[in-house]
Amino acid sequence: MADFPIKGGVAVITGAASGIGAALAADLAAKGCHLALCDRNAEGLARTAAAARLNGVNVSEHVLDVADAAAIAALPDAVLAVHGRVTILVNNAGVALAGTFMEATLEDFAWLMDINFWGPVRLCRAFMFALTQEPTAHIVNISSIFGVVAPPGQTAYCAAKFGVRGFSESLRHELAGTNLSLTVVHPGGVRTEIARSARIPQGIDPVEAAKQAEEATQTALVMPPSEAASLIAGAIAKRAPRLLIGRDARMLERIQRLFPVTYWRRMQMLMGRLNKLSSPGPVAP
């Protein structure tokens, strides 16, 4: 199968103001792809768009809350009015939620699901007609390694990301033999602001939550967004059905396949052993 034609196409990217979305916009623009960039953060969106325009591509900016179903329904007309077509849809926008299932409210849970799950579903539905009018088109749905494994304290996030995975795999099977292909992406620890910007439910100490988010950002979120974006662009070019990003994601996925019930306990045991090996021994007198 020939590589997907990125150059000269039009990519819609959500969550484009920062992180993976901004990095992917830069990568695709450098490859000659025109862009329709979407984010709630108008200031960050403008920065991403200005940088992309330096590559000589046509870039439109769309201030969008992906939890807003009416705004999503209106987006294709706004994009087509500027670009005339859409060849790539990247559902990247996402949020995080601190706390356990009982610490978060159902309203908190619904807030995250509206963005992380219903956002991609609604956007796929909204752009399906425009995508099917192209000789070849592609969808990228960003799930997470937490769409493969489910650690404690991530009930809402895992529910959404497992949902994106299941939705994407089923949709990919439905699209088999058509002009439209799909990649579901499972990033591991990519250095974005998602942990620092997580919603904190009432009753959780915000200082402690911020401390934990900073520790997670420094220790687990290590891959530069530009590296993740390069891998995603490569997956688009190859029309790869699935992409695991990072050694951590590949390792967790492998352990989950081998031990589908006990994988998290085994991971904790492994991390405990590694911590002991890396800790300094007793100081000689």
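This report walks through the sheet of a predicted model and the helices packed around it.

Local features need pLDDT of at least 70 and side-chain atom pairs count only at pLDDT 80 or more, while totals for chains, interfaces and linings use all residues. Residues are numbered from 1 along each chain as its sequence is written, and side-chain values use heavy atoms, with hydrogens and water left out.

Let's start with the sheet. It's open, with 7 strands in the order β3-β2-β1-β4-β5-β6-β7 and parallel pairing (strands are DSSP E runs of at least two residues, helices H or I runs of at least four, both numbered from the N terminus; strands pair if DSSP finds at least two bridges between them). β3 (59-63) and β7 (242-245) sit at the edges with a single partner strand each, so one side of each has no neighbour in the sheet. From one strand to the next, the twist averages 15°. β1 and β4 pair over 3 bridges, and Ala11 has Ile88 of β4 as its bridge partner.

Now for the helices. The angles below run from 0 to 180 degrees between N-to-C directions, with axes fitted to C-alpha atoms (for helices, over the stretch in contact).

| Pair | Angle |
|---|---|
| α5 (118-132) and α6 (155-174) | about 30° |
| α5 and β4 | about 175° |
| α8 (225-238) and β7 | about 165° |

The axes of α5 and α6 are 10 Å apart, and the two helices are therefore roughly parallel (angles under 35 degrees). Their contact (heavy atoms within 4.5 Å) involves Pro120, Val121, Cys124 and Met128 of α5 with Val164, Phe167 and Leu171 of α6. On the sheet, α5 touches β1, β4, β5 and β6, whereas α8 lies across β4, β5, β6 and β7.

Note on methods: Parallel < 35°, antiparallel > 145°, perpendicular 65-115°, else oblique.
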